[in-house]
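Hello,

Here is the structure I said I would pass on. My notes on it follow below.

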Amino acid sequence: PLVTSKELFKQAYEKGYAIGAFNVNNMEIIQGIVSAAKEEKSPLILQVSAGARKYANPIYLKKLVESAVEDTDLPIVLHLDHGEDFEICKQCIDDGFTSVMIDASHLPFEENIALTKKVVDYAHPRGVVVEAELGKLAGIEDNISVDAKDATYTNPEEAREFVEKTGVDSLAIAIGTSHGAYKFKGKPELDFERLKKISKLLPGFPLVLHGASTVLSEYVEACNKFGGDIPGAQGVPEEMIKEAAKHGVCKVNIDTDLRLAMTSAIRKHLHDNPSNFDPRKYLGEGRKAVENMVKHKIGNVLGSSDQI
Ligand SMILES: O=C(COP(=O)(O)O)NO
Ligand SMILES: [Ca+2]
Ligand code: NA
Ligand SMILES: [Zn+2]
């Protein structure tokens, strides 16, 4: 069924695992992710960004997710990723989403609280949960490019005040991750001391890690081997994701690893089969690569297998 993340996060928090939140944009990506979660018997969050709604048309995405629920009977959360304002959150809530993110982390603290509370006050009476964000990721954040020097990590005391004043259900924090394939200049590192402080001040409260793709080297190498050009791409080592799940992180956002899995498989297929022009062949390979990557994430990193 379509569910909110409330119960899913409660169990994940207690058992020390995290739930993957995978960005979806088309049928094959959804099918790949959902097959993996079905096989792993894992709860699942499918998340839709504003860009995905523009690309695929919201009606198609909603129906595709409903098909996934009908086909697998998995507990699936339909989540709006990086909602930019009250209007799009309201639209998605009215549209049947079970969870929305209002991303007001670029606003001053008090304004972030006010806008987040406005969304919570609309969502909760309708049985929908809300994710907010405090602190700014480095790099590009859905076309709000945050200069590295302005990237301010989440302040633990502010986080507690923010949760108390907004009634929000989960909080995306900034501890060194960023979106995309180029997350770290040098050695990857996250501010685990900060994460521990935040989770200590918010016992039992679900935290969210954005920019959590590993940028798996096998896919980067395959992309570059078959005509791609993404040198120096790197992400969050999988050991760090596991560590974060032990300190209150219940939702791990993954988009770039999906893109790399799909793209590397399609590049390889087109390179190896120059005479083929049937999209089912390369989109099917892409779907398979997505399925394998998500199975790996669920089974070896997130720890959410056999939880349903
Ligand atoms: O945070 C993300 C995705 O992050 P990645 O680019 O690391 O997959 N979406 O909201
Ligand atoms: Ca933000
Ligand atoms: Na999100
Ligand atoms: Zn994000």
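**The two metal sites**

The sodium ion (ligand 3) and the zinc ion (ligand 4) are 5.5 Å apart. This is a predicted model, in which local features need pLDDT of at least 70, side-chain atom pairs count only at pLDDT 80 or more, and totals for chains, interfaces and linings use all residues. Residues are numbered from 1 along each chain as its sequence is written, chains are lettered from A and ligands numbered from 1 in the order in which they are written, and side-chain values use heavy atoms, with hydrogens and water left out.

Donors here are N, O and S atoms within 2.8 Å of the metal, or 3.2 Å for Na, K and Ca; water is not among the atoms, so sites may look incomplete. The sodium ion (ligand 3) has His-79 (NE2), Asp-81 (OD), Glu-131 (OE) and Lys-251 (NZ) as its donors, at 2.6 to 3.0 Å. Along the sequence, these donor residues of the sodium ion follow the spacing H-x1-D-x49-E-x119-K. Two of them link distant parts of the chain: Glu-131 is in strand E5 (residues 129–134) and Lys-251 in strand E10 (residues 249–254), 120 residues apart. Strands (E, at least two residues) and helices (H or I, at least four) are DSSP runs, numbered from the N terminus. Both Glu-131 and Lys-251 are buried, meaning under 20% relative accessible area, where exposed is over 50% and partly exposed is in between (1.4 Å probe, protein chains only).

The zinc ion (ligand 4) is coordinated by His-82 (NE2), His-179 (NE2) and His-210 (ND1), at 2.0 to 2.2 Å. The spacing of these zinc donors is H-x96-H-x30-H. His-179 sits in the loop between strand E8 (170–173) and helix H8 (192–201), and His-210 in the loop between strand E9 (207–209) and helix H9 (217–225); the pair is 31 residues apart and links distant parts of the chain. His-179 is partly exposed, because its relative accessible area is 24%. His-210 counts as buried, at 0% relative accessibility.

**Core**

The largest nonpolar core has 89 residues, and Ile-33, Leu-46, Val-100, Leu-171 and Val-294 have the most contacts inside it. Such a core is a set of buried Ala, Val, Leu, Ile, Met, Phe, Trp, Tyr and Cys residues joined through side-chain atoms within 4.5 Å. A second, separate core of nine residues includes Ala-12, Tyr-17, Ile-19 and Val-77.

Val-100 lies in strand E4 (residues 99–102) and counts as buried because its relative accessibility is 0%. Leaving aside neighbours within four places in sequence, Val-100 is in contact (heavy atoms within 4.5 Å) with residues including the sodium donors His-79 and Glu-131.

**Helices**

Helix H9 and helix H11 (residues 256–272) pack at an angle of about 35°, with their axes 8 Å apart. The axes are lines fitted to C-alpha atoms, for helices over the stretch in contact, and angles run from 0 to 180 degrees between N-to-C directions. H9 supplies Tyr-219, Val-220, Ala-222 and Cys-223 to the contact, and H11 supplies Leu-260, Ala-261, Thr-263, Ser-264 and Arg-267.

In helix H12 (residues 279–302) is Glu-291, which counts as buried at 11% relative accessibility. Not counting residues up to four places away in sequence, Glu-291 touches Gly-32, Ser-35, Ala-36 and Glu-39.

Regards
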